[in-house]
Amino acid sequence: MDHQQLSMRLKKVADFVPKGAKLADIGSDHAYLPAYLVINQQILSGIAGEVVKGPFESAKSLVNELDLSSVIDVRLGDGLDVLEASDCVSVITICGMGGTLIRDILERGKQNNKLTGHERLILQPNIGSQVLRSWLSKESYVIIDELIIKENGKIYEIIVADKSSESSELSKKEQMFGPVLLQDPTDIFKEKWLQEKDQFSNILKQLEQSRETQDKKIKEVTDKITLIEEVLS
């Protein structure tokens, strides 16, 4: 298991995992991430959680093949339901899903007492990172780091968050663009938001041409375009 087998996206996620962590990787996709981290002696142990039987079997066979079943436990279950209090997990990674789904997994985990607040969250939403940041802010998580990358023509964001005793209200702008990403808008960041702006402009055209006047929706989209222009100027 080497660099080649891990996508750049997961390699960047791996870089955020503190050394000596006990990791739970939810929706583990063959258990690539925990396997990579164990082999590189970055984590003490890993749990690979899968909700679907096929991927669960794939993860199990990779772990067995690499002879890692003593340190990586592959479990079948929905979201954070695979966790037990005795696992003492210090980091939870959830990668490659929509932001809304990741938020729902975390929210259910909180309600079922599977999310204690002691875990660092490393999240990689494919879309909908705004929804996720808004949840993190509401639940008093502080976003300590973020990264935006491009791989195979797709743009991904990674969000790293720790629970805080103080509330950490994010502004609308910070929720949309990311508090850390806003501080240093890279070329990839600008590319993403120029694409988004084009999409919003198309939506706006359609709204303005449609028969029913949708003033509220038009204002929403116009506000988003204005924010993007502000950030990119």
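Predicted model: local features only at pLDDT ≥ 70, side-chain atom pairs only at ≥ 80, totals over all residues.
Strand S4, which spans residues 91-97, is mostly covered, with six of its seven residues buried. Strand S1 (residues 21-26) runs parallel to S4 and is joined to S4 by four bridges, and within this arrangement Ile 26 stands opposite Ile 94 of S4. Strand S5 (residues 120-125) also runs parallel to S4, the two being joined by six bridges, and here Met 97 is placed opposite Pro 125 of S5. Together with helix H4 (residues 99-111), strands S4 and S5 make a β-α-β unit that is right-handed.

With ring centres required to lie within 6.5 Å, the count of aromatic pairs comes to three. The ring centres of Trp 135 and Tyr 141 are 5.9 Å apart and the ring planes meet at 25°, so this pair is classed as stacked; both Trp 135 and Tyr 141 are buried. The aromatic pair of Phe 177 and Trp 193 is instead tilted, with 4.5 Å from centre to centre and 55° between the planes. This pair links distant parts of the chain, since Phe 177 belongs to helix H6 (residues 172-177) and Trp 193 to helix H8 (residues 187-209), the two residues being 16 residues apart. Both Phe 177 and Trp 193 are buried, and together with Phe 189 they form one aromatic cluster.

Charged side chains also meet aromatic rings in the model. Lys 192 lies over the face of Trp 193, at 5.1 Å from the ring centre, while the charged end of Arg 9 sits over the ring of Tyr 156, at 5.4 Å from the centre of that ring.

Key. Residues numbered from 1 in each chain as written. Heavy atoms only, no water. Phe/Tyr/Trp six-rings, centres within 6.5 Å; stacked < 30°, edge-to-face > 60°. Buried < 20%, exposed > 50% of the residue type's maximum accessible area, 1.4 Å probe, protein only. Lys NZ or Arg CZ within 6 Å of the ring centre and 35° of its normal. Pairing = 2+ DSSP bridges. Right-handed = clockwise from strand over helix to strand, strands pointing away.
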